[in-house]
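Subject: Structure handover

Hello,

The structure is below, followed by notes on what was found in it.

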Amino acid sequence: MPDPDADDVLAELASLPTIAHPTASPDGSEVAFYYDASGRNELHVLDIETGEHTRWSDGEVPRNARWFVEWDADGDRVYFHLDDDGNEQNDIYAIDRDGAVEPVVELDGQTVLADVGEDGETLLVGSTRDGQMNLYSHDLASGETTKRTDYDRAVHGGLLSPDYERIAYATNESADFDNLDVYVANADGSDPRNLDLGETGAEATPVDWGPDGERLLVSDNSADLTRSGVYDLRTDEVTWFDSDSEEAPAFFMPDGERFLAIRTREAAKMPVVSDIESGESRELDLPEGVAGFGLAGDAVLSDDRVLLTHTTPTRRPDLLAYDLSTDETETLVPAEYGPFSPADFADAEYVTFDSDGVPETPQAAVEHDPYDTFEIGGLLYDSGERPSPLIVNPHGGPRGMDDKAFDLYTQFLIQEGYSVLQVNYRGSTGRGRSFVRELYDDWGGAEQGDVATGAEFVLAEYDWLDSDRVAVFGGSYGGYSAYWQLVQYPKLYDAGVAWIGLTDLEAMYETTMPHYRTELLEKNIGTPESNPDLYRERSPVQYVENLSAPLFMLHGVNDRRVPVSQARLFRDALDDFGYTEDEEGDYEYTELGKEGHASSDIDQKIRLFELLSDFLDRRLGVESATED
């Protein structure tokens, strides 16, 4: 392990070069990806035959690698999303092999590339130009952009058929907010047809067109666990591929007879290949961890080879080519470790515990009766420090999960001497639709009880954890969780860090982007008009007087998902109640300039790590531990 007294360990960790959004060229001979080995995010292209990758950009692409890249139809240019300092109000740009950059689609609001037509003439994009996220087609020759859908609810997953005569997408026209249906329409948006997959209230999405244009790869969770299906548009029949685990379909292979999916098993995500005619499926031969593909169709290298990334808690992501016919794996771009090695990183122990959503710790904000009891899973990382302070790190989303992937923020905390607990509370993905829906109409309820119960469980089971030095740290919905844990269970925590978190749900509803308003807030907890008591009761800002542990608030000023006003409202409420802002006071507050909803930029990661390290060392640090 690097010398723990070295001043540059933190910077070295944040500066480890990282690959993001690898995508195969149309002929499968090259791979484009973001890479930050130069110290800044840049676009690189790998020649698979020679193994060499070259940098195409020189500062033209975003510093933050949040949004994916995509090849044009000829394999001569790469499209990318460009925003202003992380505000996610993207426009679509293109860069060629000589580094020449030009804007392609510029619209007000957030614009996202949905699909690239193989005709070389058409792009399908999603945009909030007119308010809600809808689909638009862009003609590359004329430069004209035309609106193709006009729904009140957000449109997801736009796909162009191989003959460019149809589009597939998902949206919801039903009265059930939980619902999501697959539609097929003419390319101009006319004659949309709901394929009526699954049951009302379930979620179905299109994933990929078959190469013959007569079949769609779709996902659906009518049977609770997400499953893959192949819909035949000629017969209007669908073949489902059920499993004992959730499986998210990814793409068809070129023969149209096989497709790839990702199977979730506890905290692992493994690739699965399925034969459509026989119905047989098998996992790819990879170590347990987390594997992932690019966007639909962009992971195909040849008839039998696919592009994927693979990672484990101790191994950073490698870029691999996997041969489905031989199960042989070729490493295309190995992960870099700098002065570290995999042995320097903490592995994750998968832990489970029963939770009824009401921990033993007193509830200071809202009193809940016990909920249904679930077995809750989580990941525990041991820093090796004895006794060890504990960081409880709830994930964002809330529709998401913590898995057995390399987590830079976790390993940073481990290097600093803090053990980390991540809890896949009710509402997390990976366990089916009913488990996700446990969180509906109950933000700040049982899921927060699961997080607190998880902390109580590991503190009781692992005597090397220091119950007098427990902090909560989370970002986005994890930031909401950090605020809520501190005001709902103040006796459990000795410090907290809330990063880009929600504090006032009604204000969030009024200020976030339109598709987050409908597809996150309305879908999960209704509207402030229909559910005013819940919006008020589950807003952490209502209970600032309960704060008893030092709180550090961080928020990007350009955040459009969770606007910086959320942090300012909580800060102002603290001031109104007489709390003091100071390094030795009740709370500390930092706004992150030129940053939106988190960032992968190396300099911005280093800044965040330095801020976190300083706060945690002063408020909770390992140096204050009492020796046995």
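Patches are built from residues with over 30% relative accessible area and no salt bridge, joining like charges within 9 Å. A salt bridge is a side-chain nitrogen of Lys or Arg within 4 Å of a carboxyl oxygen of Asp or Glu. Asp and Glu count as negative, and a charge is placed at CG of Asp or CD of Glu. Areas are Shrake-Rupley values with a 1.4 Å probe. One patch of negative charge on the surface consists of Asp 575, Asp 576, Glu 581, Asp 582, Glu 583 and Glu 584.

The model is predicted: local features need pLDDT of at least 70, side-chain atom pairs need 80 or more, and totals for chains, interfaces and linings use all residues. Residues are numbered from 1 along each chain as its sequence is written, and side-chain values use heavy atoms, without hydrogens and water.

Asp 582 lies in the loop between α9 (565–576) and β36 (587–592); helices (H or I, at least four residues) and strands (E, at least two) are DSSP runs. Asp 582 is partly exposed because its relative accessibility is 43%, between the limits for buried (under 20%) and exposed (over 50%).

Strand β10 (residues 122–127) is largely enclosed by the rest of the structure, since six of its six residues are buried. Thr 122, Leu 124 and Gly 126 point one way from β10, and Leu 123, Val 125 and Ser 127 the other. Strands pair if DSSP finds at least two bridges between them. β10 pairs antiparallel with β9 (residues 111–116) over five bridges, and six bridges join β10 to antiparallel β11 (residues 134–139). Leu 124 is the bridge partner of Asp 115 and also bridges to Ser 137 in β11.

Regards

Key. Patches are made of residues with over 30% relative accessible area and no salt bridge: like charges are joined within 9 Å, nonpolar side chains (Val, Leu, Ile, Met, Phe, Trp, Tyr) within 5 Å. Buried means under 20% relative accessible area, exposed over 50%, partly exposed in between (1.4 Å probe, protein chains only).
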